[in-house]
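Subject: Structure for you to look at

Dear colleague,

I am passing on the structure we spoke about, together with some notes on what was found in it. Please read them with the model open beside you.

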Amino acid sequence: MDNKTVWETLENIKDLPTLPSVYLKVNKLLQDNKASIENVAHIIEVDPAMSSRILHLVNSAFYGLRAKSNSIAHAVMILGFNAVKNAVVSVAVLDTLSFKDKFQNFNITEFWRHSVSVAVLSKQLAEKSRLVPPDDAFMSGLLHDIGKTIMIKYFKEDFSKVWQRMQETKCSFSDAEADVAAIDHVQIGAYLTRKWQLPEHIIQAVAGHHYYISSSKSTGLIECIMLADALANSGYQIDPDLYVLEDHIEKVIRPLITNTESWLPQARTEIETAYEFFLEGK
Ligand SMILES: [Fe+2]
Ligand SMILES: [Fe+2]
């Protein structure tokens, strides 16, 4: 399949996963500057299952609320519109996307465990470095590899070539993609998140998580995702010298990846909590 055919195929997929109407409605209110605590809470509360999942999420240890929130309105008041909107996306993605697609020994549950780990690690790096809002980092981390779920379902032939290449050469998934596939999970992830009308910085984080070069304009979001991904893939140990970061990011991130003892134990506990929340019963 050539690159043009890939894009045509993507455009023609009729059943691409969508985000729930709750997200679209909240997003529209925010874009039109018409959001209030009451109307955002009302939209979410119309879906009781979603509301209770969100309350469970924001009250869980890894969302970091000091006082328990017992209503969506209270959660919006404490966390802000953006964090609650991100919580809607995070809950919806795990509830909507498939846990059933299979390909040889590619394990979709393992895939989601990886995504949840990267979400928590990104959130911790964002929180500790104070570079970007932690909930943006959490959501971007959760979505960073989402393109793989589309690849496995709609681009089986490319996925199969990549998988075979990985087994043969023991290279990474993204290196195998670069060698043998017409498209990669990064481009598909960016396509999907754009279709979902997620904010541009989130789309860019998904799009840039393998091949990003820090610049003076970098906010640090993509760096948090890249480093979280590397930590998750390496048994939580990475060589800080492998990463060239701009000064304003280096100065707050390097101490964190050099001295992981100061935050990693807590992050690993949060990862376990997040597995329970997102993956239980899947
Ligand atoms: Fe990736
Ligand atoms: Fe990853």
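Helix axes are lines fitted to C-alpha atoms over the stretch in contact, and the angles between them run from 0 to 180 degrees between N-to-C directions. Please keep in mind that this is a predicted model, in which local features need pLDDT of at least 70 and side-chain atom pairs count only at pLDDT 80 or more, whereas totals for chains, interfaces and linings use all residues. Residues are numbered from 1 along each chain as its sequence is written, while chains are lettered from A and ligands numbered from 1 in the order in which they are written.

To begin with the helix pairs, helix 7 (residues 108–129) and helix 15 (residues 247–258) have axes that come within 9 Å and cross at roughly 125° (helices, H or I, of at least four residues, and strands, E, of at least two, are DSSP runs numbered from the N terminus). Helix 7 is therefore oblique to helix 15, given that angles under 35 degrees count as roughly parallel, over 145 as roughly antiparallel, 65 to 115 as roughly perpendicular and the rest as oblique. In this pair Leu125, Lys128 and Ser129 of helix 7 meet Val252, Ile253 and Leu256 of helix 15, where contact requires C-beta atoms, placed from the backbone, to lie within 7 Å.

Helix 4 and helix 5 (residues 72–79) pack with their axes 10 Å apart and at an angle of about 40°, and are therefore oblique to each other as well. Here Ser51, Ile54, Leu55 and Val58 of helix 4 meet Ile72, Ala75 and Leu79 of helix 5.

As for the domains, whose bounds come from an automatic or database domain assignment, the chain is divided into domain 1 (17–96) and domain 2 (99–282). Their C-alpha centres lie 23 Å apart, and the contact between them takes 14 residues from domain 1 and 16 residues from domain 2. On the side of domain 1 that touches domain 2, helix 4 (48–59) and helix 6 (81–96) are the elements that give two or more residues, and helix 6 gives the most, with seven residues.

Among the buried residues are His185, Ile188 and Tyr191, and what covers the buried part of helix 12 includes helix 1 (3–12) and helix 8 (134–143).

With best wishes

How values were computed. Buried ≥ 20, exposed ≤ 12 C-beta atoms within 10 Å, placed from the backbone. Contact = placed C-beta atoms within 7 Å.
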